[in-house]
Amino acid sequence: MCAKKVDAIVIGAGWAGSILAKELTEAGLSVVMLERGDERATAVEGDYPTSIDELRGAIRHRLFQNLSQSTVTIRNMPDQEALPYRRLAAFLPGEGVGGAGLHWSGVHFRVAPDDLALRTNVVARYGKNFIPEGMNLQDYGVTYEELEPFFDKAEKVFGTSGEPYTIKGKIAGNGNRFAPDRSDAFPLPAMGEVYSASLFRSAAANVGYHPYALPAANASAQYTNPYGVQMGPCNFCGYCSGYDCYMYSKASPNVNILPALRQDPKFTLITKAHVLKVNLDADKKKATGVSYLDLRTKKQVELDADLVIISAFQFHNVHLMLLSGIGQPYDPQQNTGTVGRNFVYQTITTSRAWLSPKQYTNLFVGAGGAGVAIDDFNSMNFDHGPLGFVGGSPVWVNQAGVKPIAAAIGGPGGKAPTWGEGYKDAMVDTYRHSLTIDAHGSNMAYRDVYLDLDPTYSNAYGQPLLRMTFNWKDNDIRMNQYVVGKIEPIIKAMGATRYSLGMLKDGEVFDTRRYQTTHLGGGAIMGTDPKTSCVNRYLQSWDVSNVFVIGASAFPQGMGYNPTGMVAALAYWAAYHIRTTYLKNPGPMVQA
Amino acid sequence: MKIPSSTRRNFTAGLLGSASFWMYGGHKVWADALQSESTQSYKPKYFNHEEWLFLNAACARIFPADAHGPDAALLGAPEFIDRQMDTPYGHGELWYMSGPFKEGAPNLGYQLSLPPRDLYRQAIAAANAYVRDHHQGQTFSQLAIPEQIALLKVFEQGKMALGAVPAHTFFEQLRQNTLEGVFSDPLYGGNKGLAGWTLLGFPGARADFMDWVNQKGAPYPFGPVSISGETA
C-alpha cells in the first residue's frame with residue numbers, strides 16, 4: 001500500500017464496512033478498508049475440526065475483541081465512577097476481518113415498520129403524555145417502503161432462509177403475519193425445525209398466538225449469491241454463535257462479500273490497522289482522511305481520502321467520532337449535543353421448560369438463526385394503552401447449539417445447585433430434557449443513558465476509553481415482565497413438567513458479569529433533526545458531510561429484533577444514496 | 001493432540017466414558033487406578049505441591065464422584081487448570097489489566113489486578129492459612145470431605161477475603177475452571193476418556209446433525225468424539 005490518498009476509506013471490516021466497500025468499488029472508487037484485528041479466513045482457522053473447540057472458541061473468545069488493548073468503562077448512574085469492563089461477559093464485540101458478522105448467530109430480520117417511526121406512532125395512538133419523563137423516543141427518518149429494496153438485496157447477498165407471509169400484497173406462505181410486505185420471496189426456504197422449536201410452534205398456536213419460522217442467514221440449501229460466492233447447506237452442527245461456520249452456511253462478510261471484493265484491484269484491505277482518529281480540516285467541516293496505527297510496525301500512518309466511512313462496531317463508531325471531534329458530544333445536563341446520545345441495548349431474558357425424561361431435546365443440535373418465534377407482543381402489535389409502557393419483545397425458541405462448558409457453568413437452572421452434590425443429576429436432566437424460550441425485547445433511550453469519553457482510563461495507545469452510562473429503566477422492566485408472563489401459557493401447553501421464567505426484577509441494575517446480548521445500539525443515531533441526531537437519514541454526518549457513520553449506532557431505540565438485518569439494509573440504503581446522489585455532488589444531502 | 005500411548009490408559013479411559021460402568025461396576029478399583037494415574041503421571045508445571053493438593057481436593061468437591069461417574073480430579077480438571085496457567089488466559093492477556101484498580105459495585109465486574117495464575121496463588125495460600133488457623137494446623141486437602149464442602153460453601157457465599165481476593169471471586173474462578181476442565185476437549189488435559197461429554201450426552205466434535213434436526217424427541221444415539229478422533 002503506497003498510495004497516500006485514496007477515494008474512500010472504510011473503517012472496520014464487518015458487515016457495514018464490507019457492504020460499503022463493495023458498493024463504492026462498484027461505483028469505481030478506490031477503497032482502502034482498515035481493520036484493526038487479524039485476517040480471518042474460514043478455510044484456514046474456520047476449518048473442521050479445529051474450529052469445533054468450545055474452549056478456544058466461545059469460552060476464550062477466539063473471534064472476539066481482545067480487551068487487553070482497548071475496552072470501555074461502565075457505570076449505571078451518571079453520579080457513579082465508571083470502572084473498566086475488564087473481562088468479556090455481558091456483550092461480545094468482534095475483532096478481525098468479518099467483525100461481529102463472523103461470530104454472529106444468523107437471525108436475519110427486517111424491521112417492524114412501526115419501530116421506524118416509534119415516536120410518531122406512540123403519540124398518534126396514545127398521546128404525547130404516554131411517553132415517560134426522560135425517555136428520548138425518536139423516529140429514524142426513513143420508512144419501510146424506502147428500505148424494502150435494500151432488505152431484499154441484503155437477504156439475497158446473505159442467502160437468507162425463511163418463509164414469507166405476503167409478497168406484493170398476496171399471501172405467499174405461513175410466515176410471520178406481523179411482518180411487512182415483501183417484494184420477493186426469501187432466497188431459500190425456511191430452515192428445518194428442531195424438536196424444541198416444533199413443540200413451541202404447536203403450543204404457541206394452541207394458545208392463540210401466531211408462530212413463524214425465524215428468518216435465518218443460515219443456508220437451508222446450497223446457494224450462490226449475486227456476487228457469485230457460494231454457501232453450503234447448514235448441517236445444524238450448532239457452532240454458529242462464536243464460531244466461523246466450517247460449512248460456509250452462515251452468512252458472513254468473509255464468505256458472502258469479501259471473496260468477490262478481494263478480486264477488485266481498486267480494493268485494498270489492511271489488517272492490524274487501528275484507526276486513531278478521522279482527520280478534519282481546520283473548521284471541522286470536512287474530513288481529510290484518517291490516522292491509523294500499524295500494529296505490526298507500531299508506526300502511525302496518515303492516509304488521505306475524499307470520503308470516510310465509519311463502519312466499525314456500534315460503540316467503536318461513537319468512540320471514533322468523539323476522539324475525532326466529529327459533531328458535538330452529548331451533554332446530558334444541558335441536553336445538548338448528539339454524539340453519544342440515545343445509547344441503547346436490548347432487554348433479553350431466558351425462560352426454561354423441562355420436559356419428561358422420555359423427551360430428548362438434543363440441545364447440541366442447532367443453527368444460530370433457526371427457530372420458531374411469535375411477534376404477538378413485539379413492536380406496536382398489541383395494545384400498550386392499558387399497559388403503560390413503550391416497546392415489546394418477540395418470543396422464540398432459537399436452539400442455536402448448546403455446548404457443554406457454557407451449559408455447565410450456567411448451571412442446571414431453577415433452584416438446582418451450581419456445583420457439588422446434586423449438581424450432576426440436575427445438569428444431566430437440564431441438558432438432555434429442557435429447552436429455553438427467549439423474550440428478545442426492545443430497550444428505549446433515556447436522557448441519562450449515554451456514551452462519552454472516560455476521564456480516567458485509556459487504551460493501549462493512550463486514548464481515553466469510551467464510557468457507558470447504562471441502567472435498566474422501569475418502562476423496559478415492565479415490558480419484559482409483561483411479555484415473559486405471556487410465555488407461561490405456551491410452556492404449559494407444551495406439557496412441561498416444570499419451568500422457570502426468566503425476567504427482570506423491579507429496580508434491577510444492569511449487571512456486566514452475565515452475558516445478555518451483543519446487540520448494542522445508538523450513540524450516533526439517524527434522524528431528521530440535527531439537534532437530536534448525529535447523522536441524517538442517509539447516515540451522513542450532519543457536521544462533516546464527507547463522513548458517513550454506518551451501523552447499529554444509528555438506531556434511535558433498541559428494537560426487539562436482532563439488528564444485523566437492519567444494519568445491512570441501512571448500509572445498502574446509504575451506499576445507494578452515496579452512489580446516486582452524493583458522489584455526483586459531494587456535500588450535505590439534507591440541509592440542516 | 002497426542003493419543004495416549006499406554007494401553008492401560010486407553011482401557012481405563014474407555015471404561016470411564018461408560019455410564020453403566022460407573023453405575024453398576026465395582027468402580028472403586030478403577031477409581032483408585034485412575035487416581036494414581038492422574039495424580040502421579042501428571043506433574044504440575046505451575047502449581048506447587050501444596051497448591052496442587054488443594055486444587056485436586058477442591059475440583060473433586062465441586063464436581064464430585066457419584067453414580068454418574070468420576071469426580072473432576074479424576075477427569076483431569078487440575079491438570080487442565082495447571083496447563084491453563086501458562087496460556088494468554090492464565091497470564092491475564094485476554095483481560096484489560098491497566099490501572100487504576102478500584103473496588104466497585106459487584107455488578108461492574110472483576111476489578112482486581114491479578115491474572116488467574118496470581119489469583120490462584122494468593123487465594124490458595126490464604127485459604128490454607130485460614131484452614132490451619134481453624135483446623136489445628138491442617139491444610140484444606142487434609143480435611144474430611146464434609147469439612148471441605150462446608151469450607152467451599154463459606155468461600156462461595158464469601159464475605160471473607162483470601163489475600164487480596166474476595167473468597168466468592170476465588171470460588172467462582174475455581175468453579176468455572178473446574179467445569180471448563182471437565183467439559184472441554186481432552187486436548188487441554190481434562191475430560192479424560194470424554195467422560196464429561198458422555199455424562200451430558202454431548203457428542204463432541206461430530207458437529208453434523210443433518211439427519212438429527214428433528215427426531216421427535218428421541219435420544220441422539222452416538223457417543224462423543226474428540227477433535228483428535230478419540231471416542232468413548
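Modeller: Asp474(A) has a relative accessible area of 48%, so it counts as partly exposed. That value, like every other one here, comes from a predicted model. Asp474(A) forms a salt bridge with Arg478(A), and the closest N and O atoms of the pair are 2.9 Å apart. Arg478(A) is partly exposed as well, with a relative accessible area of 29%. Side chains of opposite charge can pair when their charged atoms come close.

Glu26(A) forms a salt bridge with Arg579(A), with 3.0 Å between the closest N and O atoms. Glu26(A) is partly exposed at 36% relative accessibility, and Arg579(A) is partly exposed at 28%. The pair also belongs to a network of salt bridges that links Lys22(A), Glu23(A), Glu26(A), Lys153(A) and Arg579(A).

Arg262(A) and Glu39(A) meet through their side chains in a salt bridge of 2.9 Å, N to O. Arg262(A) lies in the loop between α9 (258–261) and β10 (267–270) of chain A, while Glu39(A) lies in the loop between β2 (31–34) and α2 (55–59) of chain A; the pair links distant parts of the chain, 223 residues apart. Arg262(A) is partly exposed, with a relative accessibility of 37%, and Glu39(A) is partly exposed, with 34%. Over all chains, the count of salt bridges comes to 34.

Other residues of chain A can be set beside these pairs. Ser442(A) sits in the loop between β18 (434–441) and β19 (450–458) of chain A. With a relative accessible area of 4%, Ser442(A) is buried, since the cut-off for that class is under 20%. Leaving out residues up to four places away in sequence, Ser442(A) touches Gln346(A), Thr347(A), Gly391(A), Gly392(A), Asp476(A), Met479(A), Gly558(A), Met559(A) and Gly560(A).

Tyr515(A) is also in a loop, the one between β21 (498–500) and β22 (521–522) of chain A. Tyr515(A) is partly exposed, with a relative accessible area of 43%. From Tyr515(A) to Ala89(A) the distance is 5.0 Å, C-alpha to C-alpha, although 426 residues separate them in sequence. Apart from neighbours within four places in sequence, Tyr515(A) is in contact with Ala89(A), Ala90(A), Phe91(A) and Leu92(A).

Tyr195(A) leads over to the other chain. This residue is found in helix α7 (residues 195–207) of chain A and is buried, at 11% relative accessibility. Not counting residues up to four places away in sequence, Tyr195(A) touches Leu355(A), Gln359(A), Tyr360(A) and Thr361(A), together with Val213(B), Asn214(B), Lys216(B) and Gly217(B). Tyr195(A) and Leu435(A) are 240 residues apart in sequence, with 9.5 Å between their C-alpha atoms.

Chain B itself has 9 helices and 2 strands, and from the N terminus on its elements run α-α-α-α-α-α-α-β-β-α-α. Of the 232 residues in chain B, 53% are buried. Among contacts in chain B with a separation of 6 or more, 58% are between residues 24 or more positions apart.

One helix pair in chain B can be described in detail. Helix α6 (residues 116–134) of chain B and helix α8 (residues 167–183) of chain B have axes that come within 10 Å and cross at roughly 120 degrees. That angle makes α6(B) oblique to α8(B), and the crossing is left-handed. On the α6(B) side the contact is made by Pro116(B), Leu119(B), Tyr120(B), Ala123(B) and Ile124(B), and on the α8(B) side by Thr169(B), Phe170(B), Gln173(B), Leu174(B) and Asn177(B). These contact residues divide into 7 nonpolar, 3 polar and no charged.

Definitions and conventions. Residues are numbered from 1 along each chain as its sequence is written. Chains are lettered from A and ligands numbered from 1 in the order in which they are written. This is a predicted model: local features need pLDDT of at least 70, side-chain atom pairs count only at pLDDT 80 or more; totals for chains, interfaces and linings use all residues. Side-chain values use heavy atoms; hydrogens and water are left out. Axes are lines fitted to C-alpha atoms, for helices over the stretch in contact, and angles run from 0 to 180 degrees between N-to-C directions. Helices (H or I, at least four residues) and strands (E, at least two) are DSSP runs, numbered from the N terminus. Angles under 35 degrees count as roughly parallel, over 145 as roughly antiparallel, 65 to 115 as roughly perpendicular and the rest as oblique. A crossing is left-handed if the near helix is turned anticlockwise from the far one by less than a right angle, and right-handed if clockwise. Contact means heavy atoms within 4.5 Å. Ala, Val, Leu, Ile, Met, Phe, Trp, Tyr, Cys and Pro count as nonpolar, Asp, Glu, Lys and Arg as charged, and the others, Gly among them, as polar. A salt bridge is a side-chain nitrogen of Lys or Arg within 4 Å of a carboxyl oxygen of Asp or Glu. Buried means under 20% relative accessible area, exposed over 50%, partly exposed in between (1.4 Å probe, protein chains only).
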